[in-house]
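The briefing below accompanies the sequence and coordinates shown next.

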Amino acid sequence: MTDMFEKLAQSVIDGEPDDTSTLAKEALEQGLDPLKCITEGLTKGIQKVGELFASGDYFLPELIIGADAMKEGLEILEPALLGEQKREVVAQVVLGTVEGDLHEIGKTLVGTMLTANGFQVKDIGVDQPASAFVDAAKEVDATIVGASALLTTTMLQQEKLVQALEEAGLKPKVKVMVGGAPVTETYAKKIGADGYAEDAISAVDLAFRLADAPA
Amino acid sequence: MSSERQIIEPIRTPYKLSLLGNDQLNDLQEATLTILENTGVQFPSEKALAIFSERSADVDHESQVVKIPRELVFKAMSTVPRYFTLGARNPEFDLKLQDGVTYFTNDGCGHEVVDSVTGQRRASRQSDVGMMARINDYLSSMAFSWTMVSAQDRGVTSPLHEMDVTWRNNTKHYQSVTMMGEKLCRYGVEMATVLRGSLEEVRKRPPISLIVCTIAPLVQDKEAIEGALVLGEAGIPIVVMSMPTMGTTAPATYAGALAMADAEIISATVLMQLANPGAPVFHSILHAWADPRTAAYVGYALDARVRYAPVEMAHHWGMPALGGAFGTESPELNSWQSAAEVTTDPLLVSLAGAEIVTGLGLRNTYTLLYPEAIILDSDIYHRARHSLLEMDVSPETLAVDVVESVKPGGHFLSQKHTRKYMRTAMKRTILQQLDSAGQYRDPVEYAREKVAWILANHHPESPPADVQKEINQILATADKELKV
């Protein structure tokens, strides 16, 4: 059993999504507890990936492929969770790139780093209207909504998102974090966002603060 | 920065830049021959004059001017080797001169140091020579070693002590910039012979070479030329360097200055070949301007179109060339000027095909040492080195299958191909060194730490104890004989 958890963790560390998927299926066939497969296998693997990234041993591709492997595993294991079982997460996060903007990598990196640090991330993709963020936040009972914008023309949508969350009655419970090349701390304050992060690493610190959780 | 532990990374390139056409090269050579035949070059050395007299050159013993007929020039130049080996203490660092490879070294020979402890300027000393030799030994940008600053605390025998302290801190080829005169050079040959074990081994893999400078216009330095003859006899390579200043010691036109400087170099090379046929000699012209208002020395004027044309002139004669680079006039460690003046140097000199190049790491027109400057200059060097590498175009690097799998609008970070190549494909400059928080570091702070790290951790093997003992005896004898 321990061996299977280690294999799952290692497949995430090695960045082999196909192996993770195969191992997750094997684990269920063997009757292993899916929650333990997640907490003792996948989560430990992605935590190690995060540590290796933080120490400079891993680079972005290793981080992203590790997260991909975890995602593959979760897709198989989470539907098999029994009864009231839920994996423990720091907070629920909705992430996306705002309407009119097709840039993906920034928010993907943030999502990966948050996942590696114990957050559960729902990535709604690129070119998403404010209403899609609101709907997703309601669906997962989000604590944080993160919106990325890479253009001066699309960053205006971040303000619309803050307004939409207010109108939906989700604020101040739901915190908004914004990022992207043209976005600044000053702009974030001006539009009523709760936080701004310059890069994926500082986004994790920010998310912990917004979730009021120990980093 | 590039991987820098105990390897040499010269500039290797398939690319070539021709600054001069064949007709221009022939015209320059014809001008040189005319100067040598009609005007001549002054050799204030009885030894040199005697060698020329024996070979029927037109020697005026009173003025000490030698006029050399073109037949004699061509005959003598026919024995100059185009390629040879510069030996190193560590055989892995032997430099085999070859087409498409350019070996760089540090600058020389400065006389002031910005002390890393006090931050104050002071006169250079032997310990500075040793310190920079050790840093040179570590850096992959450095293929061989130059006398970076002078050991002013060692007096007239300083060139010998500079060589000794370099050997104790460096395992690469050493090119002395300061050794002059027959007596000093005989001691130098003796030290090299002890280091190698025999004169025959010195000839095969000479561990040292020597820069000798002419005095423009058209004068040879007695001490330099007589020292060069001693080293030539031992098969030790010589670089004959002319530094014409346009408008004062040379014509104010490029072609005129280059032809005149060429005549200085070729006359010395002819002498070397007449004395010791086959003696290895490099050709080097480092021209500069005299400011037309102040006569100040200006190495980097706006128009530097023929900065590396002398490399082609050398090759036209069948000689290897030493090119000059990184001679900023800025006294600052890291000003706009200190980078802007030199940035194209390593690119152009390598494209011109110089075999060896000096020199990284000094400021204030080759005079002022900040120990960390060589780290900053190495960054400029590695930018040029990578720029001149041949691009790898293959199915693996084209990655068409990877592009197909990502599809429009996706990203490549999830691809195993990216994982395989991204880490090493982007070469980090000194501006992209990460701190523990993933932020880019201050380059000067990084450079200073790197110098400190090298000095604390890199300890090249010294010569064997018995060899060092003999070298010490030679130094003691030289000190006794030559010191005033």
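In this predicted model, the buried residues of helix α12 of chain B pack against strands β1 (11-12), β7 (101-106), β19 (322-324) and β20 (356-360) as well as helices α10 (309-317) and α13 (373-387) of chain B.

**Helix α12 of chain B**
- The buried residues of α12(B) are B:Asp345, B:Pro346, B:Leu347, B:Val349, B:Ser350, B:Leu351 and B:Ala352.
- Directly following α12(B) comes B:Gly353, whose phi is positive, at about 95°.

**Overall build of chain A**
- Chain A contains 9 helices and 5 strands, and, read from the N terminus on, its elements follow the order α-α-α-α-β-α-β-α-β-α-β-α-β-α.
- The radius of gyration of chain A is 17 Å, which agrees with the value near 17 Å that a compact globule of 215 residues would have.
- The C-alpha trace of chain A spans about 55 × 40 × 30 Å along its principal axes, and 50% of the 215 residues of the chain count as buried.
- Among the contacts in chain A with a separation of 6 or more, 73% are accounted for by residues 24 or more positions apart.

**The sheet of chain A and the helices across it**
- In chain A, 5 strands make up an open sheet with parallel pairing, arranged in the order β2-β1-β3-β4-β5; the edge strands, each pairing on one side only, are β2 (120-123) and β5 (195-196) of chain A.
- Strand β1 (residues 92-97) of chain A is joined to strand β3 (residues 144-148) of chain A by 5 bridges in the parallel sense, and within this pair A:Val93 stands opposite A:Ile144 of β3(A).
- Helix α5 (residues 105-116) of chain A lies across β1, β2, β3 and β4 (175-179) of chain A, and runs at about 165° to β1(A).
- Helix α6 (residues 130-140) of chain A lies across β1, β2 and β3 of chain A, and runs at about 160° to β1(A).

**Two domains within chain A**
- Chain A is divided into domain 1, residues 2-80, and domain 2, residues 92-210, and the C-alpha centres of these two domains of chain A lie 26 Å apart.
- Where the two domains of chain A touch, the contact takes 9 residues from domain 1 and 6 residues from domain 2.
- On the side of domain 1 of chain A that touches domain 2 of chain A, the elements giving two or more residues are α3 (34-54) and α4 (60-77) of chain A, and α4(A) gives the most, with 5 residues.
- The residues on that side of domain 1 of chain A divide into 7 nonpolar, 2 polar and no charged.

**The contact between chain A and chain B**
- The contact between the chains takes 14 residues from chain A and 10 residues from chain B.
- On the side of chain A that touches chain B, α4 and α5 of chain A each supply at least two residues, and the largest share, 6 residues, comes from α4(A).
- The residues on the side of chain A that touches chain B divide into 8 nonpolar, 3 polar and 3 charged.

Terms used:
Residues are numbered from 1 along each chain as its sequence is written. Chains are lettered from A and ligands numbered from 1 in the order in which they are written. This is a predicted model: local features need pLDDT of at least 70, side-chain atom pairs count only at pLDDT 80 or more; totals for chains, interfaces and linings use all residues. Two strands pair if DSSP finds at least two bridges between them. Helices (H or I, at least four residues) and strands (E, at least two) are DSSP runs, numbered from the N terminus. Two residues are in contact if their C-beta atoms, placed from the backbone, lie within 7 Å. Axes are lines fitted to C-alpha atoms, for helices over the stretch in contact, and angles run from 0 to 180 degrees between N-to-C directions. Domain bounds come from an automatic or database domain assignment. Ala, Val, Leu, Ile, Met, Phe, Trp, Tyr, Cys and Pro count as nonpolar, Asp, Glu, Lys and Arg as charged, and the others, Gly among them, as polar. A residue is buried if 20 or more other C-beta atoms lie within 10 Å of its own, exposed if 12 or fewer, and partly exposed in between; C-beta atoms are placed from the backbone. The radius of gyration is taken over C-alpha atoms; the globule rule is 2.2 Å times the number of residues to the power 0.38.
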